[in-house]
Amino acid sequence: MRGTRSRSLAAGTIAATAMLAGAVALAPGAGAVTPTTATATYNCGIWGTGTTTLTVVQNGTAATVQVTSSAFTAPLDISANSITSTLNLTLNGGSTQTMFTGTINPAVATGSPVTVGPLPGTVASGDSLDSFTAGTAYSLRIVIFGVTVDCKATTAQTPGPFVFS
């Protein structure tokens, strides 16, 4: 009886290990976006012009972008998660836009550069995204204290567009 139980446990352990290995092998890859950080000059109209840094993380078809910009500074203290943001990125140099939208932001002190995100969005393998969005009204729209601030990228991203795998 004891030998049978040991063999059953061993067989069960081997089967569970094989199933786990198969599941791991079939799991989608995390993806590797390059570059992971890029900068561009943004013009936010009366709010200012300055360097904007975009930092991207990819996990399969999901991606997030964190945006920090010296083009727009906080007019007052801003509490966490109180800014509604939309980032438009041009897809493959064409007229199609990929949008990253959310209400995630750290608290920002008066006079400090505004940071929003990470803003979630969806990407596909081979997508090339740049915040230089010719033909659209804005690259970044933030709504803060009920005021809409539209910022437009006036330069292409450096070192280049985000390319997703």
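This is a predicted model: local features need pLDDT of at least 70, side-chain atom pairs count only at pLDDT 80 or more; totals for chains, interfaces and linings use all residues.
Ser128 is buried, with a relative accessible area of 18%, a value that falls under the 20% limit for buried residues.

**Ser128 and its surroundings**

- Ser128 sits in strand E7, which covers residues 128-130.
- Asn92 is 36 residues from Ser128 in sequence, yet their C-alpha atoms are 4.8 Å apart in space.
- Setting aside residues up to four places away in sequence, Ser128 touches Thr90, Leu91 and Asn92, along with Pro161, Phe162 and Val163.

**Thr98, another buried residue**

- Thr98 belongs to strand E5, residues 97-102.
- With a relative accessible area of 10%, Thr98 is buried, because the limit for that class is under 20%.
- Beyond its neighbours within four places in sequence, Thr98 is in contact with Leu87, Asn88, Leu89 and Leu91, and also with Thr122 and Leu129.

**The nonpolar core**

- In soluble globular proteins, nonpolar side chains tend to be buried together.
- Here the largest nonpolar core has 33 residues, and the members that touch the most others are Tyr42, Leu87, Phe100, Val114, Ile142 and Phe164.
- At least two core residues come from each of E1, E2, E3, E4, E6, E8 and E9.
- Strand E3 gives the largest share of this core, with five residues.

**The disulfide**

- Cys44 and Cys151 are joined by a disulfide, with an S to S distance of 2.0 Å.
- This pair links distant parts of the chain, 107 residues apart: Cys44 is in the loop between strand E1 (37-43) and strand E2 (49-59), while Cys151 is in strand E9.
- The link of Cys44 and Cys151 is right-handed, with 110 degrees about the S-S bond.
- Cys44 counts as buried at 2% relative accessibility, and Cys151 is buried with a relative accessible area of 2%.

**The salt bridge**

- Side chains of opposite charge can pair when their charged atoms come close.
- Arg141 and Asp150 form a salt bridge, and their closest N and O atoms are 2.6 Å apart.
- Arg141 has a relative accessible area of 28%, so Arg141 is partly exposed.
- Asp150 is partly exposed too, with a relative accessible area of 29%.

**A nonpolar patch on the surface**

- Ile46, Trp47 and Val147 form a nonpolar surface patch, and together they have about 330 Å² of accessible area.
- Val147 is placed in strand E9, residues 147-153.
- Because its relative accessibility is 37%, Val147 counts as partly exposed.

**Backbone points to check by eye**

- Most residues other than glycine have a negative phi, and most peptide bonds are trans.
- Gly117 and Pro118 are joined by a cis peptide bond, with omega at about 15 degrees.
- Pro118 lies in strand E6, residues 113-122.
- A cis peptide bond also runs from Thr158 to Pro159, where omega is near 20 degrees.
- Pro159 is in the loop between E9 and strand E10 (162-163).
- Asn81, a residue other than glycine, has a positive phi near 55 degrees.
- The place of Asn81 is the loop between strand E3 (62-73) and strand E4 (84-91).
- Phe145 is not a glycine either, and its phi is positive at about 55 degrees.
- Phe145 is found in the loop between strand E8 (140-144) and E9.

Note on methods:
Residues are numbered from 1 along each chain as its sequence is written. Side-chain values use heavy atoms; hydrogens and water are left out. Patches are made of residues with over 30% relative accessible area and no salt bridge: like charges are joined within 9 Å, nonpolar side chains (Val, Leu, Ile, Met, Phe, Trp, Tyr) within 5 Å. Accessible areas come from the Shrake-Rupley method with a 1.4 Å probe; for residues, only the protein chains shown count as cover. A salt bridge is a side-chain nitrogen of Lys or Arg within 4 Å of a carboxyl oxygen of Asp or Glu. Helices (H or I, at least four residues) and strands (E, at least two) are DSSP runs, numbered from the N terminus. Buried means under 20% relative accessible area, exposed over 50%, partly exposed in between (1.4 Å probe, protein chains only). Contact means heavy atoms within 4.5 Å. A disulfide is a pair of cysteine sulfur atoms within 2.5 Å. A nonpolar core is a set of buried Ala, Val, Leu, Ile, Met, Phe, Trp, Tyr and Cys residues joined through side-chain atoms within 4.5 Å.
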